Amino acid sequence: MPDTLANLINNRFEPPRSGQYLDTIEPATGKPYARLPDSSADDINAAVDAAKRAFPAWAATPPAERSRLLLRLADLIDRDLERLARAESIDTGKPISLARSVDIPRAAANFRFFASAILHTESASHQTNLAGAGDPQRAINYTLRQPRGVAGLISPWNLPLYLLSWKLAPALATGNTAVAKPSEVTPMTAHMLSELAVEAGFPPGVLNIVHGRGASAGAALVSHPDVPTISFTGGTETGRAIAHAGADTFKRISLELGGKNPNLVFADADLERAILESVRAAFTNQGQVCLCGSRILVERSIHDEFVDRLVQGAKARRIGDPLDESTEHGALASEDHLKKVHAYVELAKRLGGQIRCGGARAQAPNDRCAGGYFYEPTVITGLDPACRPQQEEIFGPVTIVTPFGSDDEAIAIANSTPFGLASMVWTNNLTRAHTMAERLDSAIVWINCWMLRDLRTPFGGMKHSGLGREGGNEALRFFTEPKNVCIRY
Ligand code: NAD
């Protein structure tokens, strides 16, 4: 891994024009280990210029050739799986086993998926027949789907390469050029991807990656007049600012934002499985997944048994050095984030919540990790569903359990937050499963599972969890402009 990262602009690795850098910290140790460009609007402008110049030729490149380059990039990610997984683990604090089995393979899968999707598209056609007395009007309409230009892609720190590739792949596959701004907290694998993109042979200007802070580099990308498309994944408040900033230039914006996902467990469920998966849903990636089950609603008759077994599962998670093969629970992304998570736990205590396990900084697993940001898997009960820790996204290893007495009460609590990303339902009653799916205010409903992902399905959030959808045809539509052509005959 390099110790000084560079921007990729027009296939050249460039230092920031300002000469300013930011430190990137290894969360497991709390120590800086590399530095990244603190890019400004000047760097963004250069990247957008390069992307704009590259656009006409890339848009005209046959899909089969675009597909070949994306597949080549996927192969290079596979080749470098181990190197990328180690870098992702060091940069984020996530267990290396998770980076190796989920983050990096999924990045390769994203490129493969859209590389093949563009070879199988169809466009709509509408036959018109308005035949009237004397003047028949017959026509054929067909829809062209054309790339929109330079796509601005902004991604968060929790699944760095996975989420960056989820945007880059459909943007490039459909013939757009891209300027990506990865999270300044976790820039390493984006830098490594830029090296792989050059090696894969993408033409200059097609894929540009500019590092830096949201308020400077990110904001410059969002307000750039030559960037008609913005795809953003991150926090709800940032999404709100981006929606405002993009409105002036009528950008097409996709927003994938925060969640406070309810996980509903009914007494008729397969309890063993529900508990196992609820532990996974609450604590995977130290609870830093937008889809995490951070509110568990349990039917009253099984509540006490469920909580006891959930606590056992939480305590059993192996906290460790993220680079240790057996670690299940690594470090949080940053010191500020750890403080934020802990402040919510303190607030929960003041509001009368009972900390059933966790609730504190975890002991460092070894000397190397003495300054790391480790936090114990935490289970809280006894909180009013309307209180702040139940309503706001904590985004850490903290889950809150609340009993319910009826299906209606479960729905009322589940739908009571401003968010609407994902929900889970554990039941063996088929009618209840379908009914809950209809009634839950969330864009993704998992019945008797969690995080079972098919890349063809619509992915996103409703309410304050987002605007628009990614995945499959939704992404292909988002990154293209439909144009109707009407031919009278
Ligand atoms: P964040 O909103 O702080 O930052 C996300 C990205 O936006 C970063 O690259 C950041 O530099 C950039 N940014 C910040 N301010 C900006 C501005 N004014 N203009 C342009 N760009 C700006 O989010 P985060 O803390 O990195 O990530 C955690 C959040 O992401 C959580 O809320 C989580 O739920 C959400 N998330 C959502 C999904 C989803 O698919 N819905 C997936 C993963 C994470």
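**Around the ligand**

Okay, let's start with leucine 257: one of its backbone N or O atoms sits 2.7 Å from a nitrogen atom of the ligand, which counts as a polar contact, meaning a pair of N or O atoms within 3.5 Å. Keep in mind that the model is predicted, so local features need pLDDT of at least 70 and side-chain atom pairs count only at pLDDT 80 or more, while totals for chains, interfaces and linings use all residues. Residues are numbered from 1 along each chain as its sequence is written, and side-chain values use heavy atoms, with hydrogens and water left out.

Now the side chains. Glutamate 393 puts a polar side-chain atom 2.5 Å from a ligand oxygen atom, and tryptophan 157 has a polar side-chain atom 2.9 Å from an oxygen atom of the ligand. On its own the ligand exposes 850 Å², and the protein buries 86% of that (Shrake-Rupley areas, 1.4 Å probe).

So who's in the shell? 28 residues surround the ligand, each with a heavy atom within 4 Å of it. Lys181, Glu184, Thr238, Leu257 and Glu393 are the closest. By type, you get 14 nonpolar, 10 polar and four charged residues, with Gly put among the polar ones and Asp, Glu, Lys and Arg counted as charged.

Which element gives the most to the shell around the ligand? That's α7, with four residues; helices here are DSSP runs of H or I, at least four residues, numbered from the N terminus.

Note on methods:
A polar contact is a pair of N or O atoms within 3.5 Å; within protein, one must be able to donate a hydrogen and the other to accept it, and residues adjacent in sequence count only if both atoms are side-chain atoms. Helices (H or I, at least four residues) and strands (E, at least two) are DSSP runs, numbered from the N terminus.
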